Amino acid sequence: MRLAARLGAVLLCGVVAAGCAHYKVNDPLTRYTPDSGHRFPAVSGDRPDPADDLFVCLSFSGGGTRAAAFAYGALLKLKSVEIPRAGSGKSLLDEVDCNAGISGGAFTASYYGLFGAKDLERFYRDFLIRDIEKELAIGVANPVNLWRLASPYFSRIDFAAELYDETVFQRKTFSALAERRRPFVILHASSMANGAPFEFTQAEFDFLGSDLGSFPVARAVAASSAFPFLLSPVSLRSYPPPADFKIPDDVKMAVDGDRVSRELNPMRFYWGRQHLDLMSKKNDKGEWEPKWVHLLDGGLTDNIGLRSILRAYDRGFIRQRINLGHIKRLVVIAVNARTDPPEELSRSEKSPSLLDVFLKTATVSMENLSVDTLDYGLSRQREREQDQTNVRKCNESLAACRAPLLPTFAQEIRTCFVEISFEGLQSPEREKFLSLPTTFALGKDQVDSLIGVAGKLLDESPGFQKLLKALGGESTLGAGVAGLSGNCS
């Protein structure tokens with residue numbers, strides 16, 4: 001009888017514990033302050049910030065530990081390159097202004113953003129050479145966590161976020177990232193409701209009526225790597241906006257006029273609509289309706305993390321600085337850890353299994369979108385430089401004729417767009433890296449080889465080498481490379 005009572009008590013406690021388990025809910029925003037929180041520093045006054053002179057942005061793709069290690073290798077390479085013109089002891093890594101990360105790349109971007117170059121080597125121990133998948137499996141099998149996982153408000157993604165929080169990111173929240181200011185870290189996820197990209201910035205959280213500052217960085221990283229079916233979404237609550245909240249002018253302009261705006265600039269229109277869709281709304285009775293935003297893997301909308309940088313170039317903090325003439329040289333380096341394992345489907349007469357269909361459905365569009373994104377980035381660079389050249393030559397001709405000159409750019413900028421991927425390697429090394437699995441459990445030798453090959457690919461990149469020559473950094477590289485080609489100026 002006593003044993004039955006004890007078992008009943010244990011069962012009752014378990015049920016209570018399961019019912020109480022709940023994921024971390026984002027906090028409401030009590031006051032709207034458009035210049036504070038985790039957002040890129042606003043331009044202050046007419047005097048440009050010297051840090052904007054050379055503006056460097058990095059993007060890190062998804063791909064589990066493979067992507068995290070590849071991105072880490074790129075950071076170490078940038079750290080090793082000294083820029084004499086920037087002052088004694090200053091590296092190219094010190095010049096990084098923004099860093100966008102997806103899934104596996106989000107781990108590296110966040111860690112560097114939180115702890116800086118000084119503590120970067122710790123990331124190797126804290127994350128890269130750990131068997132995260134094994135640790136997650138052991139933790140989930142713990143009886144205490146089994147009870148918690150029985151709750152409808154707590155799942156494996158929430159446990160994963162707790163593990164990352166405790167063992168990788170030292171319980172840091174976005175307020176810590178906001179304090180460091182640069183590099184500005186942009187972590188990406190995808191909205192399950194409409195497939196829209198979601199950025200973990202205060203500007204995005206403003207539309208949720210929520211304070212990003214108290215939100216754990218680890219939870220955002222978990223959302224960025226929440227691959228569908230394997231992991232459940234990360235959920236955010238959308239609150240009624242603060243009384244002083246005003247929809248930003250750029251969003252108003254994007255959706256103003258609806259049909260006309262959509263036809264003239266559909267990309268900008270849907271960008272504006274997607275932000276308004278995040279907001280909580282009132283019902284017919286004037287009451288605020290509860291609303292939740294469920295986020296999946298950021299790779300579903302941008303698996304190389306580059307689109308947020310391109311959006312900033314088109315209409316965000318980069319465009320603002322270009323229009324004011326503050327940026328003289330813009331550098332974008334995309335670290336793309338995409339894989340391309342041997343294709344087996346076409347070798348079989350049998351119809352592919354449901355698992356094969358699922359994996360292809362979830363990943364094929366990622367690769368196609370990545371190619372389009374890279375092409376768009378290169379085309380935007382070429383357009384800017386061609387426009388600058390055209391205006392300059394036209395004004396030279398007009399000046400010779402003593403005719404009125406065309407309006408000029410506030411500053412002619414020099415641009416550099418570099419992408420490194422395993423496609424840049426020769427066989428059989430290329431096939432070796434392209435076949436690496438997307439997992440959070442790689443061997444130490446695999447991690448070390450990924451770190452090393454990132455530096456090698458940057459060394460062999462004509463554009464990157466041309467950039468270093470332009471920056472006066474060739475003396476730190478050994479022998480220069482004659483006759484460099486590439487898209488960097």
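**Helix packing and aromatic pairs in a predicted model**

In helix 2, the residues Thr-65, Arg-66, Ala-69, Phe-70, Tyr-72, Gly-73, Ala-74, Leu-76, Lys-77 and Leu-78 meet Val-447, Leu-450, Ile-451, Val-453, Ala-454, Gly-455, Leu-457, Leu-458 and Asp-459 of helix 18, where contact means heavy atoms within 4.5 Å. These residues divide into 13 nonpolar, 3 polar and 3 charged; Ala, Val, Leu, Ile, Met, Phe, Trp, Tyr, Cys and Pro count as nonpolar, Asp, Glu, Lys and Arg as charged, and the others, Gly among them, as polar. The model is predicted, and local features need pLDDT of at least 70, side-chain atom pairs count only at pLDDT 80 or more, and totals for chains, interfaces and linings use all residues. Residues are numbered from 1 along each chain as its sequence is written, and side-chain values use heavy atoms, with hydrogens and water left out.

Helix 2 and helix 18 (residues 444-459) pack at an angle of about 50°, and their axes are 7 Å apart. Here an axis is a line fitted to C-alpha atoms, for helices over the stretch in contact, and angles run from 0 to 180 degrees between N-to-C directions. The two helices are therefore oblique to each other: angles under 35 degrees count as roughly parallel, over 145 as roughly antiparallel, 65 to 115 as roughly perpendicular and the rest as oblique.

Next come helix 3 (residues 104-115) and helix 10 (residues 217-224), whose axes come within 10 Å and cross at roughly 160°. Helix 3 and helix 10 are therefore roughly antiparallel to each other. Ala-106, Phe-107, Ser-110 and Leu-114 of helix 3 make the contact with Val-217, Val-221 and Ser-224 of helix 10. By class, this contact has 5 nonpolar, 2 polar and no charged residues.

Helix 5 (residues 132-141) and helix 7 (residues 156-167) also have axes that come within 10 Å, crossing at roughly 120°. The crossing of helix 5 and helix 7 is right-handed. On the helix 5 side, the contact is made by Ile-132, Glu-135, Leu-136, Gly-139 and Val-140, and on the helix 7 side by Arg-156, Phe-159, Ala-160, Leu-163 and Tyr-164.

A search of the whole structure finds 25 aromatic pairs, in which rings of Phe, Tyr and Trp (its six-membered ring) have centres within 6.5 Å, with planes under 30 degrees apart counted as stacked, over 60 as edge-to-face and the rest as tilted. The rings of Tyr-72 and Phe-123 have centres 5.9 Å apart and planes at 45°, so this pair is tilted. Tyr-72 lies in helix 2 (residues 64-80) and Phe-123 in helix 4 (residues 122-128), 51 residues apart, and the pair links distant parts of the chain.

Of its 489 residues, 48% count as buried.

Conventions. Helix = DSSP H or I, 4+ residues; strand = E, 2+ residues; numbered from the N terminus. Left-handed = near helix turned anticlockwise from the far one by under 90°. Buried < 20%, exposed > 50% of the residue type's maximum accessible area, 1.4 Å probe, protein only.
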